[in-house]
Amino acid sequence: MEKPYRIQFLIIIISIAVFTCAYSRNTNLRSSSNTGVHNSNDHFTDTPLYPLYPLTVPEIKKIRSILSAYEPFSSSFPSINTLSLDEPDKSQVVSWKTGDPLPPRRASVLAVLDGQTHVLTVDLNLGVVTADFVNVGSGYPMLTTEDQLTASLVLYSDLEFNKSILARGVDFNDLVCGSTSPGWFGPDE
């Protein structure tokens, strides 16, 4: 690996480590009491405060319950790759005023079960899965940061890999192994 790429990769890894440490300490890197920026600790509220309010803990629990009752997942719960708010139309967001009822809340879920990738929409108001696209072709969801870190730990713990590095005279302090995130980027990709 050439030096500029090694430095870029190390910066990325250090950034991930700093973010992970800050996140695990329950530190909110984006909010400050003076800036008026949203405080992530508010997600324990039962009710979202505005149309683009991130999913709350009670909503995430409801999504899990809905998915557990959903027929393809009723006997075995899938691995959830991503879970996020399925944002309402921009016109609904722009026209919303404080005190108005929120537009219907939906979640976008990317799940993997039995080698199949499911792209789901969960309607929180109706309490059902309203869309489920199953990718029958090749490809899987992109690797998460946790997946990539786990893969590198497996690699570094492999005796044959370590022997091959030593046989080449490479100093482990100079070694960086990383992976790009192969994956499935949707039906149009």
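Let me start with helix 2. At 1.5 Å a residue, its 13 residues should span 18 Å, and the end C-alpha atoms are 19 Å apart, which agrees. The expected span here is 1.5 Å times one less than the number of residues. Helices (H or I, at least four residues) and strands (E, at least two) are DSSP runs, numbered from the N terminus.

Before going on, a word on the source. This is a predicted model, where local features need pLDDT of at least 70 and side-chain atom pairs count only at pLDDT 80 or more, while totals for chains, interfaces and linings use all residues. Residues are numbered from 1 along each chain as its sequence is written, and side-chain values use heavy atoms, with hydrogens and water left out.

Back to helix 2. Which of its residues are buried? They are Glu-59, Ile-63, Ile-66 and Leu-67. Buried means under 20% relative accessible area, exposed means over 50%, and partly exposed is in between, with a 1.4 Å probe and protein chains only. As a general point, an α-helix has 3.6 residues a turn, so residues three or four places apart point the same way. On the other side of helix 2, Lys-61 and Ala-69 are exposed.

What do the buried residues of helix 2 pack against? They pack against strand 1 (79-85), strand 2 (106-113), strand 3 and strand 4. A contact means heavy atoms within 4.5 Å.

Now the whole protein. It has 5 helices and 4 strands, and along the sequence the pattern is α-α-β-α-β-β-β-α-α. Of its 189 residues, 24% are buried. If you take contacts between residues at least 6 apart in sequence, 52% of them join residues at least 24 apart. The protein exposes about 13,000 Å², and carbon and sulfur atoms supply 57% of that. These areas come from the Shrake-Rupley method with a 1.4 Å probe; for residues, only the protein chains shown count as cover.

Next, the strands. Two strands pair if DSSP finds at least two bridges between them. Strand 2 and strand 3 pair in the antiparallel sense over 8 bridges. One example is Ser-108, whose bridge partner in strand 3 is Thr-121. These two strands form a hairpin with 2 residues between them, and Asp-114 there takes a positive phi near 50°.

Strand 3 (residues 116-123) also pairs with strand 4 (residues 128-135), again in the antiparallel sense, over 7 bridges. Val-122 has Val-129 in strand 4 as its bridge partner, and Leu-120 stands opposite Asp-132 in strand 4. This hairpin has 4 residues between the strands, and Gly-127 in the turn has a positive phi of about 75°. Strand 3 is mostly covered, with 6 of its 8 residues buried.

On to charged pairs. How many salt bridges does the structure hold? It holds 3. A salt bridge is a side-chain nitrogen of Lys or Arg within 4 Å of a carboxyl oxygen of Asp or Glu.

Glu-59 lies in helix 2 and Arg-105 in the loop between helix 3 (90-95) and strand 2, so the pair ties together parts that are 46 residues apart in sequence. Both Glu-59 and Arg-105 are buried.

Another salt bridge joins Asp-86 and Arg-106, with the closest N and O atoms 3.2 Å apart. Asp-86 is in the loop between strand 1 and helix 3, Arg-106 is in strand 2, and the two are 20 residues apart. Asp-86 is partly exposed, at 24% relative accessible area, and Arg-106 is partly exposed at 22%.

There is also the salt bridge of Glu-160 and Lys-163, at 3.8 Å, N to O. These two are 3 residues apart in helix 5 (residues 159-167), so they are separated by about one helical turn. Glu-160 is exposed, at 53%, whereas Lys-163 counts as partly exposed at 45%.

Last, Pro-54, which is in the loop between helix 1 (3-24) and helix 2 (57-69). Pro-54 counts as partly exposed, at 32% relative accessibility. Pro-54 and Asp-86 are 32 residues apart in sequence, and their C-alpha atoms are 9.6 Å apart.
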